[in-house]
Amino acid sequence: MAALRLEIVTPDQVVLSTDVDYVGAPGVDGEFGVLAGHIPLLTALSIGILVYRIGNKDYTAFIAGGFAEVADNKVSILAQAAELSENIDVERAEKAKARAEERLQLAKQQDGIDVVRAENAMKRALTRLRAAGK
C-alpha cells in the first residue's frame, strides 16, 4: 500500500510525523477515514480519538479540536491539543474529570458557572482516558 504521511501539530509541538497506511479522525460532522490517494479535504475536528494504522497495528491519539487537511498523500492535523495514547497522563486526566464533575454539580446549585466550559472539560478528560485505554 502507498504511504500516507501523518503530521499532528499543536501550537506547542509536533506530536507526530510518520508514514501510515490509514488515518481515522473525529470530524465535526462525524468521523472520517483517509487512505493513500484520498481527494483533497479540509475539515474542522472535534474532541475525539484519532486512529492511525501502520501495517497491521492500530495506534491512537487524543485530539481536542482543530483542523485536518488532506492533500498529496499527506494528512496534516492542526489541533488545539493532542497527545499520543502512550503519553497521556492518566492521573492528570482523572483529576480533570473530577474537577469537571464538581463544576457541573455546582452549576445545578448556583448561577455563574460556565456549564458549556465544564462539559467540554469533561469531554476532554473522558476522551483522554478512553484514548489511554482506561
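Trainee: In E7, what is the bridge partner of Ala64?
Mentor: Happy to start there, with one caution: this is a predicted model, where local features need pLDDT of at least 70, side-chain atom pairs count only at pLDDT 80 or more, and totals for chains, interfaces and linings use all residues. Residues are numbered from 1 along each chain as its sequence is written, and side-chain values use heavy atoms, without hydrogens or water. Strand E6 (residues 57-71) pairs with E7 in the antiparallel sense, and in E7 the bridge partner of Ala64 is Ala81.

Trainee: How many bridges do E6 and E7 share?
Mentor: Strands are DSSP runs of at least two residues, numbered from the N terminus, and two of them pair if DSSP finds at least two bridges between them. For the antiparallel E6 and E7, the number of bridges is 10.

Trainee: Which residue takes a positive phi in the hairpin of E6 and E7?
Mentor: Two residues lie between these strands. The positive phi, near 50 degrees, belongs to Asp72.

Trainee: Which residue in E7 is the bridge partner of Arg5?
Mentor: Strand E1 (residues 4-9) runs parallel to E7 (residues 74-84), and five bridges join them. The partner of Arg5 in E7 is Lys74.

Trainee: Is Leu42 buried or exposed?
Mentor: Leu42 lies in strand E5 (residues 41-54). Buried means under 20% relative accessible area, exposed over 50%, and partly exposed in between, with a 1.4 Å probe and protein chains only. Because its relative accessible area is 66%, Leu42 is exposed.

Trainee: What distance does H1 reach from its first C-alpha to its last?
Mentor: Helix H1 (a DSSP run of H or I, at least four residues) covers residues 90-109, 20 residues in total.

Definitions and conventions:
The expected span of a helix is 1.5 Å times one less than its number of residues.
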